[in-house]
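Work through the exercises below with the sequence and the model at hand. Try each task before reading its solution.

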Amino acid sequence: MCGIVGYIGKEQVAPILLDGLARLEYRGYDSAGVAVYSQKKQALCVHKAKGRLQVLSDMLRGGAAVDGTVGIGHTRWATHGAPSDVNSHPQVSQSGRIAVVHNGIIENYAELKSFLMSKGVEFTSQTDTEVVAQLIDYFYQGDLLEAVGRVLHRIQGAYALGILCADAPDQLIAVRKDSPLILGYGEGCNFLASDVTAIIKYTRDVVYMEDGELAVLTREGIQCYNHLMQPIEKEISHVDWEIDAAEKGGYEHFMFKEIMEQPEAMRRCIFPRIRDGEVYLEDFGLDESYIRSMSKIYIVACGSSYHVGMVGKYNLERLTRKNVEVSLASEFRYMDPIVDDHTLVIVISQSGETLDTMAALREAKRLGARILSIVNVVGSSIARESDVVLYTWAGPEIAVATTKAYSTQMAVLDLLGLWFARVLGTVEEKEYRSVLEEMLLLPGKMETILANKDNIQYLASQYFNHDSVFFIGRNVDYALGLEGSLKLKEISYIHSEAYASGELKHGTISLIEDGTLVVALGTYSKLFEKAMSNVVEVKSRGADVLALATESHAEEMGKTADAVMTIPDTHDLLLPSLGVVPLQLFAYYVALMRGCDIDKPRNLAKSVTVE
Ligand code: F6R
């Protein structure tokens, strides 16, 4: 949802900005731009281009065409104003003195724009961001910090801002409210960025800004301020992952790389948390008496993280016998949920920055709930605002379509369910042991599925031309179908829907006709016979059926379905963890065969920091 980067130092800034933007392109990719202060011209030089970052990079000869050692850059996911050169950031004030890059939305921009227009300010773009640049310029009387402070009192909404002023070229200003922003400490140079990936090549020492904070970056150092503009000291965190983790490493797409990384990610996530046959959750701030007093559990998330929550509902209810409700964060925040201090709200988010999820978290907190979050990005906003955090340790996920984060979120939720069940005495010793043993086998079983990827590629070649697909399943297979369907539609642009198989006859079956592709999920052994009946039902209406089944049921399934994707047998609770892998591969290969831009699907962005 827009990526921003800024640098002040002694090196030529444009190549650094372009490099940082390339790593942030997953956040938005409909246009890009940079503003650099040119010593020679004693002015800001702004270059912007609609389209992928490559267009801008080619225009600037990789940055060689721009001279200067301080600047800000932006890669955009349009909200206000269509993608165009003029609407790209940086947005510059009428005088050319102030340049601003922004991630978020200024909600009262229309009112501020009218005010400025009444003062004779002329606007050139349709963006909300231009209002910020113009307003800073309006208040500027030689003290940039003071002008920014006055603007912050007037703007409403969500914003991470990078600000550069031609009259004060020895500083950059960073501001954060409800949109992520970090600061990076280098030697003789400093950085601001939407996330660590943009600057990890240059520094691993970062500060995570909090809402309402502002920072002034110079070559010598960074001074942070709180919302009252009082100077504050911030703790510097050290990032401990390698830059290779954020690069493609020889793979054609990040998505494929991340699918292939799943066994390793699962090992990192699961193995340290199972010791001597027991679940061990690090730094776990929920005590056993609280677990016993919990009246219910709410799982709140968006998109694929919500789909993990759907599986979680089946698994957690089965394990803990507690009532588990799953809600889309965007609904939860406005639905007056029944939540109190005996409700545990589990918030799931890869990025830890999704705005709706964050708003739901705050609402749940306001109502008195305890917040446990399952998050991938360390130090992200959701992680910081939660009472307890369990990290997924999947490593940086760059492809817009999530894969390894989904699998590891599920693993954490399963571990959590087992731990609760142990405390509550709702799981039998034998079952507990058998799930834990099977969890340790998951990475190896995923490797078996991945080793068979050619078979899934072949199946994709048989079906990639279909233009409508239904995923059907019951229980955890239904929850898994939601994810399989989303994966396919978001990257291949094929219309696809997921249905609980039992619902087919309540309407959907009228859409099944000759050649409709139905992906029938039949991994859940207890309901396998029912899954078979649904396959027969859709086959008899002309559907092509591609099924998913465990090894022990694949042969039986193959007697009716046209083709079967197979996963190793495992404990029922863990089936979706394996079942999702063939579905991810299927979506990937279908999108590849349709020539889609897999890592950057149209209209999407990785981190959704707008409502
Ligand atoms: C789909 C996908 C999205 C995210 C959703 C929530 O492949 O990645 O549906 O799951 O935008 O994002 P996080 O988990 O970062 O809160």
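The model is predicted, so local features need pLDDT of at least 70 and side-chain atom pairs count only at pLDDT 80 or more, while totals for chains, interfaces and linings use all residues. Residues are numbered from 1 along each chain as its sequence is written, and side-chain values use heavy atoms, with hydrogens and water left out.

**Exercise 1**

Find the salt-bridge partner of Glu213 and state whether the two residues are buried or exposed.

Solution. Step 1: apply the definition, a side-chain nitrogen of Lys or Arg within 4 Å of a carboxyl oxygen of Asp or Glu. A search of the whole structure gives 36 such salt bridges. Step 2: the partner of Glu213 is Lys234, with 2.9 Å between the closest N and O atoms. Step 3: locate both residues. Glu213 is in strand β12 (residues 213–217) and Lys234 is in the loop between β14 (231–232) and β15 (237–238), 21 residues apart. Helices (H or I, at least four residues) and strands (E, at least two) are DSSP runs, numbered from the N terminus. Step 4: Glu213 and Lys234 are both buried. Buried means under 20% relative accessible area, exposed over 50%, and partly exposed in between (1.4 Å probe, protein chains only).

**Exercise 2**

Describe the salt bridges of Glu278 with Arg433 and of Arg318 with Asp572.

Solution. Step 1: the closest N and O atoms of Glu278 and Arg433 are 3.5 Å apart. Because Glu278 lies in strand β17 (residues 278–279) and Arg433 in helix α14 (residues 429–451), the pair ties together parts that are 155 residues apart in sequence. Glu278 is partly exposed, at 27% relative accessible area. Step 2: between Arg318 and Asp572 the closest N and O atoms are 4.0 Å apart. This pair links helix α9 (residues 303–320), which holds Arg318, to the loop between β27 (563–567) and α19 (575–593), which holds Asp572. Step 3: Arg318 is partly exposed at 25%, whereas Asp572 counts as buried at 13%.

**Exercise 3**

Which residues come nearest to the ligand, and how much of the ligand does the protein bury?

Solution. Step 1: count a residue as near if one of its heavy atoms lies within 4 Å. Of the 14 residues around the ligand, Ser305, Ser349, Ser351, Thr354 and Glu490 come nearest. Step 2: list polar contacts, meaning pairs of N or O atoms within 3.5 Å. A polar side-chain atom of Thr354 is 2.4 Å from a ligand oxygen atom. For Lys487, a polar side-chain atom is 2.8 Å from an oxygen atom of the ligand. Step 3: the ligand alone exposes 400 Å², and the protein buries 90% of that. These areas come from the Shrake-Rupley method with a 1.4 Å probe. Step 4: α9 and α16 (476–492) are the elements that give two or more residues to the shell.

**Exercise 4**

Examine the backbone at Pro90, Arg321 and Trp393.

Solution. Step 1: recall that most residues other than glycine have a negative phi, and most peptide bonds are trans. Step 2: the peptide bond from His89 to Pro90 is cis, with omega near 0 degrees. Pro90 sits in the loop between β4 (70–76) and β5 (91–92). Step 3: Arg321 has a positive phi of about 60 degrees and is exposed, with a relative accessible area of 63%. Step 4: Trp393 has a positive phi near 55 degrees and is partly exposed, at 37%. Trp393 lies in the loop between β22 (388–391) and α13 (404–424).

Conventions:
Polar contact = N/O pair within 3.5 Å; in protein donor to acceptor, adjacent residues only side chain to side chain.
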